[in-house]
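I am opening a notebook page on this model. The entries below record what I looked up, in the order I looked.

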Amino acid sequence: MSEEVKPESVSLCPVSIATNPERELLCIFGTGDLGRSLGQRLLQSGYRLVYGSRRPHSCGPLPPGAQVLSHEAAAQSASLIFLCVHREHYEFLESLAPQLKDKVLVDVSNNLKKNLYPEANAEYLQRLIPRAMVVKAFNTLSAWALQNGPSDANRQVYLCGNSTTAKQAVADIATKLGFTVLDRGSLSAARELEDFPLQLFPEWRLPIRLAFGLTAFFFFYLLIRDVVYAYVQEGKDNSFRIMVSLANKVFPIVSLIMLALCYLPGVIAAFLQLYRGTKYKRFPDWLDRWMLCRKQMGLLALAFASLHVLYTLIIPIRYYVRYRLAANTISQIMENKTSKFDTTMAWRTDSYYSVGILGFGLYLLLGISSLPSVSNALSWREFTFIQSKLGYLTLFICTFHTYLYGWDKFLHKYKWYMPPSYMLCLVVPSMVLLLKLLLLLPCVDKSLTHIRQGWERTDPEDATRKSLLT
């Protein structure tokens with residue numbers, strides 16, 4: 001800020017307001033969707049509101065109870081102004097510099113892409129109006145979120161600025177609107193805040209790439225094993241299996257592996273803490289990133305499991321299945337024989353389906369409890385019980401479901417020495433369950449509990465050194 005700016009002389013809340021119940025007056029420049037939504041929310045929260053417009057008499061519908069004045073008149077009437085206009089229209093503010101002196105300007109603008117300008121919009125605005133106190137805020141919220149109030153996905157308002165007084169005034173307004181305020185520091189952080197809305201699923205990138213990679217690998221693996229092999233070795237055209245049969249094998253495989261990968265980083269972290277003898281050392285960056293995207297991995301795993309259920313439901317109506325049933329029935333009639341009822345096969349199939357249904361039900365419970373609207377209503381102990389205890393139970397049941405599916409198929413002929421795909425998908429979940437079983441051993445669990453309660457294992461060399469110094 002320039003030397004003329006004296007924050008201690010700025011009165012954002014005059015003394016008369018403390019004794020006068022009159023509501024605080026705020027100003028908004030801009031009558032677009034964001035300006036109207038923000039104005040409606042401010043009015044509902046008890047503020048008085050005036051809009052500044054270049055066309056005060058023809059600016060379209062505005063929230064009831066708001067005034068519309070020219071930019072100059074509106075700037076003079078309020079000490080805090082929300083600037084809801086695009087950067088390319090900032091030039092008109094230069095003529096309002098005298099009216100904007102010592103006023104708080106809240107910049108809510110965003111750009112269409114990153115690095116569009118050499119400096120952030122808020123920094124450019126501060127340079128344009130050096131005697132104003134610019135605060136970057138509310139740019140990460142949509143017009144819908146402002147109009148309908150804070151939802152679980154839009155509770156946070158990021159802000160930054162060079163004036164502590166100005167930031168506190170904006171923070172008080174955001175809090176009154178029902179949002180949680182996160183101060184990112186000085187105005188130099190404005191570019192980071194302006195880049196937030198331009199990010200496309202930043203926390204989903206690793207899970208999506210992983211899911212795509214697993215899907216592609218197992219699809220081509222099954223394509224070679226079930227389609228190409230049959231055509232080359234047996235002369236059969238099984239290409240029709242690609243649409244349903246192959247897909248219905250790929251989806252559960254990817255789902256089970258993704259579910260196991262949700263719990264593998266926690267197991268790795270536990271063994272790291274046991275090895276280090278303390279919980280106060282940082283995990284490697286790759287493990288941190290892995291643990292932060294476990295929720296996204298779990299939701300993708302649930303999506304693949306849901307697709308598996310839907311594909312399984314259409315099996316009875318497939319032409320291929322109906323043809324095989326009819327052909328088998330006709331063949332038995334012509335040969336005048338009846339297949340003997342196989343009790344073992346009946347137990348296997350019933351167990352396979354019942355365990356699968358139970359696993360999918362627990363899958364749904366995990367997915368529902370991870371939703372912010374549900375998790376916010378749970379205590380930490382309840383949330384941990386569902387996501388950890390029931391999560392491992394879900395992984396065990398789904399793994400057992402896969403073992404029941406395989407049964408004795410691992411003894412059959414390997415096509416081109418390629419093992420069945422279900423055997424490959426059992427490697428990661430089986431390893432996770434085995435490692436978790438080791439952590440549940442009383443001796444290991446006791447040590448891990450002590451470490452997570454703050455106990456640290458003393459290094460013998462450090463202990464000897466300390467004793468010598470003493």
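Entry 1, a buried residue. I began with Thr402, which counts as buried at 11% relative accessibility. On my scale, buried means under 20% relative accessible area, exposed over 50%, and partly exposed in between, with a 1.4 Å probe and protein chains only. Thr402 sits in helix α16, residues 380-406. Helices here are DSSP runs of H or I with at least four residues, strands are runs of E with at least two, and both are numbered from the N terminus. Not counting residues up to four places away in sequence, I find Thr402 touching Leu256, Tyr422, Cys425 and Leu426. Contact means heavy atoms within 4.5 Å.

Residues are numbered from 1 along each chain as its sequence is written, and side-chain values use heavy atoms, with hydrogens and water left out.

The pLDDT, the predictor's confidence in each residue from 0 to 100, averages 87 over the protein chain, and 92% of the residues score at least 70. Over residues 1-20 the pLDDT is below 50, and this stretch has 18 contacts in the model beyond near neighbours in sequence. Where pLDDT is low, the predicted coordinates should not be read in detail.

I stayed with α16 and looked at its packing on helix α18, residues 427-439. The angle is about 135° and the axes are 10 Å apart. Axes are lines fitted to C-alpha atoms, for helices over the stretch in contact, and angles run from 0 to 180 degrees between N-to-C directions. The two helices are therefore oblique to each other. My classes are roughly parallel under 35 degrees, roughly antiparallel over 145, roughly perpendicular from 65 to 115, and oblique for the rest. α16 passes α18 in a left-handed crossing, a term for the near helix being turned anticlockwise from the far one by less than a right angle, with right-handed for clockwise. From α16 the contact uses Tyr392, Leu395, Phe396, Thr399 and Tyr403, and from α18 it uses Pro429, Ser430, Val432, Leu433 and Lys436. By class, I record seven nonpolar, two polar and one charged residues there. Nonpolar covers Ala, Val, Leu, Ile, Met, Phe, Trp, Tyr, Cys and Pro, charged covers Asp, Glu, Lys and Arg, and polar covers the others, Gly among them.

How far apart are the axes of α10 and α12? For helix α10 (residues 245-276) and helix α12 (residues 294-313) I have 8 Å, at an angle of about 155°. That makes α10 roughly antiparallel to α12. The crossing of this pair is left-handed. On the α10 side the contact includes Phe251, Met258, Leu259 and Cys262, and on the α12 side it includes Met297, Ala301, Phe304 and Tyr311. The contact of α10 with α12 has 16 nonpolar, six polar and one charged residues.

Helix α11 (residues 285-292) crosses α12 at roughly 50°, their axes coming within 5 Å. That makes α11 oblique to α12. Trp290, Met291 and Leu292 of α11 meet Arg294, Gln296 and Met297 of α12. Four nonpolar, one polar and one charged residues make up this contact.

Val170 lies in helix α7, residues 164-176, and is buried at a relative accessible area of 0%. Leaving aside neighbours within four places in sequence, Val170 is in contact with Leu80, Val104, Val106, Val135, Ala137, Phe138 and Leu159. I followed Phe138 into the loop between β6 (133-137) and α6 (143-148). Phe138 is buried too, with a relative accessible area of 1%. Its phi is near 65°, a positive value in a residue other than glycine.

Asn336 counts as exposed at 71% relative accessibility.

Is Glu94 buried, exposed or partly exposed? Glu94 is partly exposed, at 46% relative accessible area. I place Glu94 in the loop between β4 (80-83) and α4 (97-100). Glu94 touches Leu128 and Ile129, not counting residues up to four places away in sequence. Glu94 and Leu128 are 34 residues apart in sequence, with 6.6 Å from C-alpha to C-alpha.

Key:
Predicted model: local features only at pLDDT ≥ 70, side-chain atom pairs only at ≥ 80, totals over all residues.
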